[in-house]
Amino acid sequence: MSIVFTRQDRNLYDVLNQATEDELLLLSKIIGEKFSSDIDTNCTDPFKIARELQLMGGHSAANLWRGHGVSYWELAKDAADKVGADTDNAEDIDDIEWALLETLVEKALEKMSADDRQSFFEEIGKNAPGKAFTLTDILKPGVTVGPSIYLAVANVSMPHILRTLGLSAAANFMGGRVATAAIPVVGWGLALGSVLHSMAGTAYTVTIPCSAYVGAIRARIKAEKLDL
């Protein structure tokens, strides 16, 4: 039952099957830092990573009873709800992943100085050449978020999200081998810390960053198909 459940989770398994080795390694490093994980930090098996992430999103007793974890949709929505994102009108998984990442960024920006906000958007601009990003561009209500925008925001945000949640090995790996720009923005890290500090030590230290990063993998796949 567990094998079928995982392979039929198209929102997760199909994406991981198209992930690069580095993308899979980052996910395994995030998941593998949890003592309860059944995979190591060098795993690159899409099925094992997907199954472990599903289990991390569910209650251990419930997982045992049903023989598997929860769907990626349920996991990502729970992670987004945890940070206060509005997912009530989400029509597809992209909406949930963006609501999660957007809320983390929005809350952190509220606590950042004007100089730190400018540095943050300059870093995003380096990830998306040809466009000057502002808070209005990215966080305007109802804005259509394309894969290039998601990638630009995720590449700058993810190392700081990982460090804030205490996932130093994953953060260092991303900064060194995955992110195209991981230059620290001091104010961003401090602000994000005040948003996420209460989540340390829970399964959310896995489901929050993994949901945001699976969204980045999905965005990368879409961007390549669109030749962005």
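**Entry 1. Burial, and an aromatic pair**

I count a residue as buried when its relative accessible area is under 20%. By that cut-off phenylalanine 47, with a relative accessible area of 15%, is buried. The model I am reading is predicted. I then looked up aromatic pairs, and a search of the whole structure returned two. In one of them the ring centres of tyrosine 13 and phenylalanine 47 lie 6.4 Å apart with the planes at 85°, so I recorded the pair as edge-to-face. The pair joins distant parts of the chain, since tyrosine 13 belongs to helix H2 (residues 13–16) and phenylalanine 47 to helix H4 (residues 46–56), 34 residues apart. Tyrosine 13 also counts as buried, at 10% relative accessibility.

**Entry 2. The chain as a whole**

I looked up the secondary structure next and found 13 helices and zero strands in the protein chain. Read along the sequence, the pattern is therefore α-α-α-α-α-α-α-α-α-α-α-α-α. I noted that 53% of the 228 residues are buried. Of the contacts with a separation of 6 or more, 67% are between residues 24 or more positions apart. The chain exposes about 10,600 Å², and carbon and sulfur atoms supply 51% of that area.

**Entry 3. Helix H3**

I took helix H3 (residues 21–32) next. This helix has twelve residues and reaches 16 Å from its first C-alpha to its last, close to the 16 Å expected at 1.5 Å a residue. How enclosed is H3 by the rest of the structure? Nine of its twelve residues are buried, so I describe H3 as largely enclosed. The buried residues are Glu23, Leu24, Leu25, Leu26, Leu27, Ser28, Lys29, Ile30 and Ile31. I followed up one of them, lysine 29, and found it over the face of phenylalanine 173, at 5.3 Å from the ring centre.

**Entry 4. Cysteines**

I searched the whole structure for disulfides and found zero. Cysteine 43 counts as buried at 11% relative accessibility, and cysteine 210 counts as buried at 0%.

**Entry 5. Glutamine 54 in helix H4**

I returned to helix H4 for glutamine 54, which is found there. Glutamine 54 is buried, with a relative accessible area of 1%. What does glutamine 54 touch, not counting residues up to four places away in sequence? I listed Phe5, Thr6, Asp9, Leu12, Gly69, Val70 and Leu75.

**Entry 6. Helix H13**

I checked the length of helix H13 (residues 204–226) against expectation. At 1.5 Å a residue its 23 residues should span 33 Å, and the end C-alpha atoms are 32 Å apart, which agrees. H13 is mostly covered, with 19 of its 23 residues buried. Aspartate 227 follows H13, and I noted that its phi is positive, near 60°.

**Entry 7. Serine 211 in H13**

I placed serine 211 in helix H13. Its relative accessible area is 1%, so serine 211 is buried. Leaving aside neighbours within four places in sequence, I found serine 211 in contact with Tyr72, Leu75, Ala76, Ala79, Glu97, Leu100 and Tyr150. Leu75 is also among the residues that glutamine 54 touches. I also looked up serine 211 and aspartate 78: they are 133 residues apart along the chain, and their C-alpha atoms are separated by 10.0 Å.

**Entry 8. Two arginines in H13**

I looked up arginine 218 and placed it in helix H13. Arginine 218 is buried, with a relative accessible area of 9%. Not counting residues up to four places away in sequence, arginine 218 touches Asn11, Val15, Tyr72, Ile93, Asp94 and Glu97. From arginine 218 to leucine 151 I read 67 residues in sequence and 9.3 Å in space, C-alpha to C-alpha.

Arginine 220 lies in helix H13 too. Is arginine 220 buried or exposed? At 15% relative accessibility, arginine 220 counts as buried. Arginine 220 touches Gln18, Ala19, Thr20, Glu23 and Leu151, with residues up to four places away in sequence not counted. Glu23 is one of the buried residues of H3. The separation of arginine 220 from leucine 151 is 69 residues in sequence and 6.8 Å in space, C-alpha to C-alpha.

Notes. Residues numbered from 1 in each chain as written. Predicted model: local features only at pLDDT ≥ 70, side-chain atom pairs only at ≥ 80, totals over all residues. Heavy atoms only, no water. Helix = DSSP H or I, 4+ residues; strand = E, 2+ residues; numbered from the N terminus. Expected span 1.5 Å × (residues − 1). Buried < 20%, exposed > 50% of the residue type's maximum accessible area, 1.4 Å probe, protein only. Phe/Tyr/Trp six-rings, centres within 6.5 Å; stacked < 30°, edge-to-face > 60°. Lys NZ or Arg CZ within 6 Å of the ring centre and 35° of its normal. Disulfide = S-S within 2.5 Å. Contact = heavy atoms within 4.5 Å. Areas by Shrake-Rupley, 256 points an atom, 1.4 Å probe, with all protein chains shown as cover.
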